[in-house]
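This report goes through the contacts in one structure. Please look over the sequence and the model first.

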Number of protein chains: 2
Amino acid sequence: MIRRVRLSDVAALAETSTKTASRVINGHTKVGSDTRERVEKAVRELGYRPDPLARSLRRGTDDTIGVVVDEVSDPFFASVIGEIERMALDRAMTVIIASTQRLVDREHIVIDGLLQRRVAGLIIASVSHDHAHLKTAPCPVVFIDRVAVNLDSDAVLVDDRAGARLGVDHLISHGHKRIAYLGDYLGIDTARSRLDGYRESLELAGIPMRDDYVIGMDPSLADSGPIVEALLATPEPPTAIFSANTRCSLRVLTTLHRLGRTDIAFVSFGDFAMADALTPPITVVDHSPEFIGRLAADRLLRRMAGDEMPTQTITTPLHLVPRGSGELAP
Amino acid sequence: MIRRVRLSDVAALAETSTKTASRVINGHTKVGSDTRERVEKAVRELGYRPDPLARSLRRGTDDTIGVVVDEVSDPFFASVIGEIERMALDRAMTVIIASTQRLVDREHIVIDGLLQRRVAGLIIASVSHDHAHLKTAPCPVVFIDRVAVNLDSDAVLVDDRAGARLGVDHLISHGHKRIAYLGDYLGIDTARSRLDGYRESLELAGIPMRDDYVIGMDPSLADSGPIVEALLATPEPPTAIFSANTRCSLRVLTTLHRLGRTDIAFVSFGDFAMADALTPPITVVDHSPEFIGRLAADRLLRRMAGDEMPTQTITTPLHLVPRGSGELAP
DNA sequence: ATTCCCTTGGTAATCGATGTCACAAACTGA
DNA sequence: TCAGTTTGTGACATCGATTACCAAGGGAAT
C-alpha cells in the first residue's frame, strides 16, 4: 500500500517501455501478445494500479462524479446521493459531494471547485437562478429537483405543481375549504411551483386564496411551534394543512402532536419514515428519491459515455398515498 | 471557467518566475514585497487558482477527506457526514464519501481507492475486524462508531454497552422482566457491545437471559413484520422491546403500529424524527451524530495539521429521553 | 576593499501516466 | 524485388504545480 508502484516499474519488469505498458493497461489492441502477457504478469506481480491523480491530470478528466445538494443530512438528498453513489461504485467511479446550505454564493464556490477538480460529470440540485455560466462546462451536467435556468440541460424533476394539486385536491375533495400551505421560504423554484399548484387547486374549486394561510418558513428555523400555533389561533383557523416538503412536515407534525391538534387534516409533499405509524397515519404525495437518483445518474453516465442524445427533462411519477390524515373531515 | 490559467501565466504577467509565483501563493516569506504584490495582482487579474490535481500529484497529498460509512442514506451517517463536510468546507477541503454497504470486501476496496487518491485523512466507520493494514496508512485515520482492531488509532465512539444498559435498566425499573432485544445482525462490534449491555442489565437484575428474545435481523431485510409477529406470538411474549439502533427501531415500530401493539414498552437506541409524535412517544437513548461528526473531523484536522498528540478514544455522551413508550407498565 | 551571508529569482527535475510522432519489422500486392 | 501498408515499439513532450539546486546581487562585517 505504502510503496507506490509506478508504471515505469511495471515497464522495467516487463522489459518494455512505459508507453507500451500503458497501452496494455488501457486495453489498446496494437500490442504483441507476448509483450502483453509480460506486462500483465508484471502488473500482477507488483500489484500495480494506476495513479488516479496522475491519470486525471494527463487526461484532463477525473473518474469522479460531483454531486451538489442543499445538505447531505436532508433525508431526500441522502437517499438521492446513496443511489448515485451505488451506481458510480459499480463503474469504479468516485463521488464527491458538496453541499450549498442553500446559499447561492456557496453553490458557485463548490461547483467551481468541482470543475477545478475536473469531475467527469455533475449532478446539481441548484439554488441559484441562473446557470448560463455552465453552458461552457467541460463536462455533462444533470439537474435534479430544480430546473436549470438559461441553460439547455438534462433535468430529473418532480412535477411540483401537479404534486401540490394532487394533495390539495385531495383535501378539497374531503370537504376542506380552509387549507393552509406551509413550506420553506419561497425563494426556490420548487417551492414556488408547489405554491402555484396549491393556488390552482383552490382556484378551480372556487375557493378564495388567503394570504394568511400561506406560510414560508426559514428552513434553518429550529422550532416551527410559534408559527403553527399562531396560525391555528386565528379567528378562522384552517381545517387542513398542506405541507410542501418533508423537512417542513416533520417540523409541523411535531408541533401539531405537541398541541394535540391531530384533528387537523394533513397532507405532506414527500414521504418520510414513520409517516404510517403516526396517529392518524399521514397521507403523503410520494416521490421516490432513489428513483430520481437513479435516473439522474443513468442520464449522466450515458452522457459521459458520449451519448449525444437531445437534452431532456424527465419528470418522475408522483402518487398520493392516502393513510388517514388527509381524509379527516373538516 | 473553461480557459485554464496556469501558474506560468501568472508568472509571465507578474514578470517573474513560476517559482516565485509559487512562493507567493503558498505563503512563503522570502519574497520581496514589490514582487509579491505584482504576483498577487496577476493572480487577481487572471482569476488564477491552482490546479488541485497537479498540486496533489506533486505534493503527494490531496486536500481531501475520505469518509467511509455503511450507507449514505442511513440517517445517522447522513448527519455525521453533513457535519464533517461542513467543517471541511470551512477549510476549503473536499469530502469524498464511499459506502461499504456493510461488506468487508467492499470496505477494503473503497479504502484502498481513497488512499490511492492520496486523501489527506480518513474517517471510517468500519465493518471489518482487522485494521492492521492501516498501520502504514500515509495519512491520519479516525474511526467512528466502531473501534479499530489491531491498530492504535483515534476513535470517536458511542458507549454502546452503557447505552444499552441505560435503556434496558430503564425498562427493568418500570417492572419489565420479559424484554426482547432487536438489532441488526450481530457481526458488528457495535451490535455486540449493545447486546453485552443488555445481557449485563438482565444479569444484574437477576433476570434470566432467553435466547428467543434476542433477534439479529439482516439490515437489508425490507420487512421485519413476520419476525416481530412471530416474537409476539410466542407463549410467553415479551412485554418490552429494546431496539439496538435507529434503523431497526423504524422498522419494528412500523410493524408494531400496524399490529396495533402499542402496548408493548419500547426503548430505541438512537433518536429519530417523529419519535416524539408517535403514540405513545418513543423513549430513546440519544446520541448526537452531529457531535460525533464534529469530534471526528476536529480530531482528524488537528492530526492533519501535524498535531502529534497521543491517540485517544473519545466516547460521546448518551442520555435517556423518556417520552412514554419506555415507561409503559408490563 | 574584500569576503561572507542572505535575499531573491531562474533552470530544470519531479510527480505518474499518456499522447505524438517516428521508426523498424513484417507483410501485402504487383 | 520494391513501394506501400500494417503492426508493434519506444523516445520524448506534456498535463500544472512544486522544489532542489544554483547563481547573482546587495548589504554587512572585517
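Predicted model: local features only at pLDDT ≥ 70, side-chain atom pairs only at ≥ 80, totals over all residues.

How many salt bridges are there between chain B and chain A? The count is eight.

## Contact between the two chains

One of the salt bridges joins the side chains of E71(B) and R86(A), with 2.7 Å from N to O. Several elements of chain B take part in the side that touches chain A: helix 4 (52-59), helix 5 (75-90), strand 2 (94-99), helix 6 (104-116) and helix 10 (246-259) each supply at least two residues. Helix 5 of chain B has the largest share, seven residues. Sorted by class, this side of chain B holds 26 nonpolar, 15 polar and 12 charged residues.

In total, 53 residues of chain B are in contact with 53 residues of chain A. The two chains bury about 4,800 Å² between them, and carbon and sulfur atoms give 58% of that area. Polar contacts between chain B and chain A involve 15 residue pairs, with both residues at pLDDT 80 or more.

## Strand pairing across the chains

Strand 2 takes part in pairing between the chains. In chain A this strand covers residues 94-99, and it pairs with strand 2 of chain B in the antiparallel sense, over three bridges. Within this pairing, I97(A) has V95(B), in strand 2 of chain B, as its bridge partner.

## Residues around DNA strand C

Both chains also supply residues around DNA strand C. Of the atoms of DNA strand C that come within 4 Å of the protein, 65% belong to sugar and phosphate.

Helix 2 (18-25) and helix 4 (52-59) of chain A, along with helix 2 (18-25) and helix 4 of chain B, each supply at least two residues of the surface near DNA strand C. Helix 4 of chain A gives the most, five residues. By class, the surface near DNA strand C is made up of 13 charged, eight polar and seven nonpolar residues.

## Polar contacts with bases and phosphate

A polar side-chain atom of R23(B) lies 3.1 Å from a base nitrogen of DNA strand C.

How values were computed. Residues numbered from 1 in each chain as written. Chains lettered and ligands numbered in written order. Heavy atoms only, no water. Contact = heavy atoms within 4.5 Å. Buried area = accessible area lost by both parts, 1.4 Å probe. Salt bridge = Lys/Arg side-chain N within 4 Å of Asp/Glu carboxyl O. Polar contact = N/O pair within 3.5 Å; in protein donor to acceptor, adjacent residues only side chain to side chain. Helix = DSSP H or I, 4+ residues; strand = E, 2+ residues; numbered from the N terminus. Nonpolar A, V, L, I, M, F, W, Y, C, P; charged D, E, K, R; others polar. Pairing = 2+ DSSP bridges. Near = heavy atom within 4 Å.
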